[in-house]
Amino acid sequence: MEIGHTTLALYAVGTAAVATSLLKLKTRLELSKAKHRSLSGHARMSRWMASLVPFYQYGETRFFCSDDAPTEIAARRRAGFMRLAELYRTRFAETAKRTAEVADGISDLQFTDAYRVPFQYSRFVREHLKGGAFVASSSGVTVTDLDGNRFYDLTGSYGVNLFGYDFYKECMARGAERVGELGPVLGAYHPVIAYNVARLRKISGLDEVSFHMSGTEAVMQAVRLARYHTRRSHLVRFCGAYHGWWGDVQPGVGNPVPAHETYTLQDMSEDTLRVLRRRRNIACVLVNPLQALHPNANAPADSSLLDSGRSADFDRAAYTEWLQRLREVCTEQKIVLIFDEVFLGFRLAPSGAQEYFGVQADLVTYGKTLGGGLPIGVLCGRKALMKRFRDDRPADICFARGTFNSHPYVMAAMHEFLHRLDTPEVRTLYHDLDAVWDRRAQALNQRLRDEALPVRVANMSSVWTVCYTTPSRYNWMLQYYLRAEGLALSWIGTGRLIFSLNYTEADFNAVADRFVAAAKAMQQDGWWWCDAATSNKSIRRRILREILAQRFSHSGEKLS
Ligand SMILES: Cc1ncc(COP(=O)(O)O)c(C=O)c1O
């Protein structure tokens with residue numbers, strides 16, 4: 001009898017253990033299913049793979065025919081490259097010289113310079129096409145370098161420049177005047193802050209505001225508060241989304257240690273919603289609405305433009321529907337929904353992406369343009385989520401400070417920014433905003449099509465990316481032709497063109513003329529040659545073979 005009871009108990013324990021294991025397995029499988037198939041969907045693996053890629057570079061001969069182009073094409077490319085190199089040498093002489101003098105001491109500059117193009121070509125390009133990193137002045141929609149060359153600015157200063165550089169110069173100057181008497185006093189506030197808080201509460205539709213020094217810090221604070229209040233550990237970010245360079249939101253390549261409490265899930269996916277419904281350890285979901293332009297893909301940079309596989313397509317209705325569903329699930333599961341509007345805030349609509357997509361988040365981060373030209377990060381949130389201490393547990397606090405938070409000059413420049421946001425001149429810039437930028441993108445694409453150029457642009461309002469329609473290993477060269485035509489791009493090249501809203505039709509037409517001229521010159525120089533056997537897949541296979549050969553050959557670093 002006793003044996004019977006013991007056996008039964010053992011059976012029961014065994015069955016419970018099996019059931020628990022099966023349930024665990026099921027939730028684990030659901031998580032795997034909700035990951036994007038790409039490498040960026042698998043942070044750990046992508047870091048491991050990245051650590052295995054050996055350095056190698058093409059010698060001068062191979063540089064021009066790494067795609068096995070015929071000799072005649074390689075010669076055309078070489079002639080075009082050397083002509084461009086000569087133009088760079090003379091036109092950007094002073095800017096390049098001054099840049100070279102400081103490059104050795106500025107690590108950031110060394111990094112951005114090395115990662116403008118795929119590493120196999122980088123050294124040769126750096127040797128010959130030195131554009132320089134200095135700019136002397138800005139005006140209208142242009143910037144001028146140390147040699148006096150004026151460029152149409154397509155960098156948008158990483159997204160800060162929304163209303164034109166002169167607008168920010170005024171915000172900074174007027175702001176400095178307003179708080180000059182107080183100077184650099186920190187800790188205490190200048191009264192300008194009251195207006196900022198009132199405006200931000202209205203814009204965000206949320207109760208409280210905290211000020212930080214960068215977008216990265218605002219995101220850190222949003223996640224920390226979500227964890228504190230939900231008492232849950234994990235954050236969810238979507239595949240490819242950038243939220244600053246803090247480790248927890250950058251679990252893949254670029255961060256030397258794994259982020260153990262981050263799930264990177266697929267954007268716009270039912271499988272992701274299933275994970276959000278099932279798991280009990282998720283504190284928050286971070287959304288960077290810019291991903292709507294290229295869901296699940298990393299920010300497009302020319303350093304990873306190995307073939308013509310870059311794609312982008314903004315579907316506002318589909319993304320709106322996705323955000324609404326995400327909102328529902330987060331509400332249902334008491335997961336904090338964070339909109340990271342550091343980049344897009346104010347660019348799509350005066351009240352940002354929340355207004356544009358018609359979705360209210362629990363926490364919202366802003367930055368970049370909101371500082372009126374000065375460094376900023378802002379977090380807005382519901383009252384219950386913003387609180388940093390518990391009334392019933394006085395020692396259990398959620399700490400966040402920062403020496404320069406709420407710096408009077410930043411608060412004053414922000415005050416100017418927010419004040420001007422309401423003026424009729426600025427409001428007219430939002431009039432028919434998407435229609436204007438969609439029409440401009442279509443017009444440029446029509447011209448590129450008419451000229452049979454293998455280049456197209458895709459856009460989300462005034463944020464554009466350049467895509468390529470025939471397989472090629474040399475698309476990244478376009479950034480150098482664009483610069484030669486007087487168009488300034490950021491270090492990520494043709495991956496992201498950011499327009500300020502004060503571009504007039506005439507300004508835009510001038511950019512379009514130059515863009516087409518650059519692409520034509522590049523085509524004439526043979527960079528887009530391809531034969532019937534070339535495809536994006538064949539290019540990727542070829543590069544993989546090179547990497548493997550290099551890894552196992554130990555034959556030195558140059559492929560000639
Ligand atoms: C969406 C988003 N979040 C956060 C950040 C980080 O902001 P910051 O560079 O000011 O730290 C960025 C910067 O590009 C961003 O685009």
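The model is predicted, so local features are reported only at a pLDDT of at least 70 and side-chain atom pairs only at pLDDT 80 or more, while totals for chains, interfaces and linings use all residues. Residues are numbered from 1 along each chain as its sequence is written, and side-chain values use heavy atoms, with hydrogens and water left out.

**Ligand site**

- A backbone N or O atom of glycine 215 lies 2.9 Å from a ligand oxygen atom, and a polar side-chain atom of threonine 216 lies 2.6 Å from an oxygen atom of the ligand.
- A nitrogen atom of the ligand lies 2.6 Å from a polar side-chain atom of aspartate 340.
- On its own the ligand has 390 Å² of accessible area, of which the protein covers 83%, as computed by the Shrake-Rupley method with a 1.4 Å probe, with only the protein chains shown counting as cover for residues.

- Glycine 215 is found in helix H10 (residues 215-230), where helices (H or I, at least four residues) and strands (E, at least two) are DSSP runs numbered from the N terminus.
- Glycine 215 counts as buried because its relative accessibility is 13%, given that buried means under 20% relative accessible area, exposed over 50% and partly exposed in between, with a 1.4 Å probe and protein chains only.
- Leaving aside residues up to four places away in sequence, glycine 215 touches Val342, Ile376 and Gly377, with contact meaning heavy atoms within 4.5 Å.
- Glycine 309 is 94 residues from glycine 215 along the chain, and their C-alpha atoms are separated by 30 Å.

**Helix H15**

- Helix H15 (residues 408-421) has 14 residues and reaches 20 Å from its first C-alpha to its last, close to the 20 Å expected at 1.5 Å a residue, the expected span being 1.5 Å times one less than the number of residues.
- H15 is mostly covered, with twelve of its 14 residues buried, among them His415, Glu416 and Arg420.
- The cover over the buried residues of H15 includes helix H8 (165-179), helix H9 (192-204), strand E5 (208-212), strand E11 (377-381) and helix H16 (424-429).

**Other residues and their surroundings**

- Serine 303 sits in the loop between strand E8 (282-287) and helix H12 (316-333), and is partly exposed at a relative accessible area of 22%.
- Not counting residues up to four places away in sequence, serine 303 touches Tyr115, Arg116, Val117 and Pro118.
- Phenylalanine 389, in the loop between helix H14 (383-386) and H15, is partly exposed with a relative accessible area of 45%.
- Phenylalanine 389 touches Tyr228, Asp396 and Ile397, again not counting residues up to four places away in sequence, and its C-alpha atom is separated by 9.7 Å from that of histidine 229, 160 residues apart along the chain.

**Backbone angles**

- Most residues other than glycine have a negative phi.
- Lysine 334, in the loop between H12 and strand E9 (336-340), has a positive phi near 55° and counts as exposed at 62% relative accessibility.
- Aspartate 432, in the loop between H16 and helix H17 (433-450), also is not a glycine and has a positive phi of about 55°.

Methods. A polar contact is a pair of N or O atoms within 3.5 Å; within protein, one must be able to donate a hydrogen and the other to accept it, and residues adjacent in sequence count only if both atoms are side-chain atoms.
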